[in-house]
Amino acid sequence: PTDTNALTGRELIALAAKEFNIRPRHTVLSKFMLRMVGLFVPVVKESYEMLYQSESDYLFDSSKFEKRFAYTPTSYTEGIALTVQSAKQSTM
């Protein structure tokens with residue numbers, strides 16, 4: 001199930017940065033730069049192969065599930081806050 005408030009990548013980064021009390025930063029690489037970096041970083045090489053997934057928005061609708069099971073999804077804000085809290089506790 002997903003929250004109906006669909007966020008952009010930039011908004012997700014901003015929420016996570018807020019929870020970590022850091023300034024949100026990100027870099028967008030062109031396809032060419034992804035190919036070049038991919039020569040040296042295997043994970044980035046794999047990202048290039050998956051670029052087609054970024055060409056359209058992914059919007060999920062879990063309304064049928066929510067109605068059938070009387071379920072309310074966790075908001076992205078709350079989910080990120082809980083995840084960051086858990087991450088901070090596990091590193092102590």
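**Exercise 1. Is T72 buried or exposed?**

Solution. This is a predicted model.
- Step 1: locate the residue. T72 sits in the loop between α4 (63-69) and α5 (76-90).
- Step 2: read its relative accessible area, which is 68%.
- Step 3: apply the cut-off. Exposed means over 50%.
- Result: T72 is exposed.

**Exercise 2. State how far apart T72 and T91 are in sequence and in space.**

Solution. 
- Step 1: count along the chain. T72 and T91 are 19 residues apart in sequence.
- Step 2: go from C-alpha to C-alpha. The distance in space is 30 Å.

**Exercise 3. Find where in the chain confidence is lowest and where it is highest.**

Solution. 
- Step 1: take the whole chain. The average pLDDT is 90, and 99% of the residues score at least 70.
- Step 2: Helix α3 (residues 42-49) has the lowest confidence, at a mean of 87.
- Step 3: Confidence is highest in α4, at 95.

**Exercise 4. Work out the aromatic pairs and classify each by the angle between its planes.**

Solution. 
- Step 1: count. There are two aromatic pairs.
- Step 2: take F65 and F69. Their centres are 4.8 Å apart, with 40° between the planes. Planes under 30 degrees apart count as stacked and over 60 as edge-to-face, with the rest tilted. The F65 and F69 pair is therefore tilted.
- Step 3: F65 and F69 are four residues apart in α4, so about one helical turn separates them.
- Step 4: take F65 and Y71. The ring centres lie 5.8 Å apart and the planes stand at 80°, so this pair is edge-to-face.
- Step 5: join the pairs. F65, F69 and Y71 make up one aromatic cluster.
- Step 6: check accessibility. F65 is partly exposed at 37%. Y71 is partly exposed too, at 38%.

**Exercise 5. Identify the residue that lies over the face of F69.**

Solution. 
- Step 1: look over the ring face. R68 lies there.
- Step 2: give the distance. R68 is 5.1 Å from the ring centre of F69.

**Exercise 6. Describe the nonpolar patch on the surface and say which helix gives the most to it.**

Solution. 
- Step 1: list the members. They are L29, F32, M33, M36, L39, F40, V41 and V43.
- Step 2: give the area. Together these residues have about 820 Å² of accessible area.
- Step 3: assign the helix. α2 (residues 31-38) gives the most, with three residues.
- Step 4: examine one member. F40 is in the loop between α2 and α3. With 71% relative accessibility, F40 counts as exposed.

Conventions: Residues are numbered from 1 along each chain as its sequence is written. This is a predicted model: local features need pLDDT of at least 70, side-chain atom pairs count only at pLDDT 80 or more; totals for chains, interfaces and linings use all residues. Side-chain values use heavy atoms; hydrogens and water are left out. Helices (H or I, at least four residues) and strands (E, at least two) are DSSP runs, numbered from the N terminus. Buried means under 20% relative accessible area, exposed over 50%, partly exposed in between (1.4 Å probe, protein chains only). pLDDT is the predictor's confidence in each residue, from 0 to 100. Rings of Phe, Tyr and Trp (its six-membered ring) pair if their centres lie within 6.5 Å; planes under 30 degrees apart count as stacked, over 60 as edge-to-face and the rest as tilted. A charge sits over a ring if NZ of Lys or CZ of Arg is within 6 Å of the ring centre and within 35 degrees of the ring normal. Patches are made of residues with over 30% relative accessible area and no salt bridge: like charges are joined within 9 Å, nonpolar side chains (Val, Leu, Ile, Met, Phe, Trp, Tyr) within 5 Å. Accessible areas come from the Shrake-Rupley method with a 1.4 Å probe; for residues, only the protein chains shown count as cover. A salt bridge is a side-chain nitrogen of Lys or Arg within 4 Å of a carboxyl oxygen of Asp or Glu.
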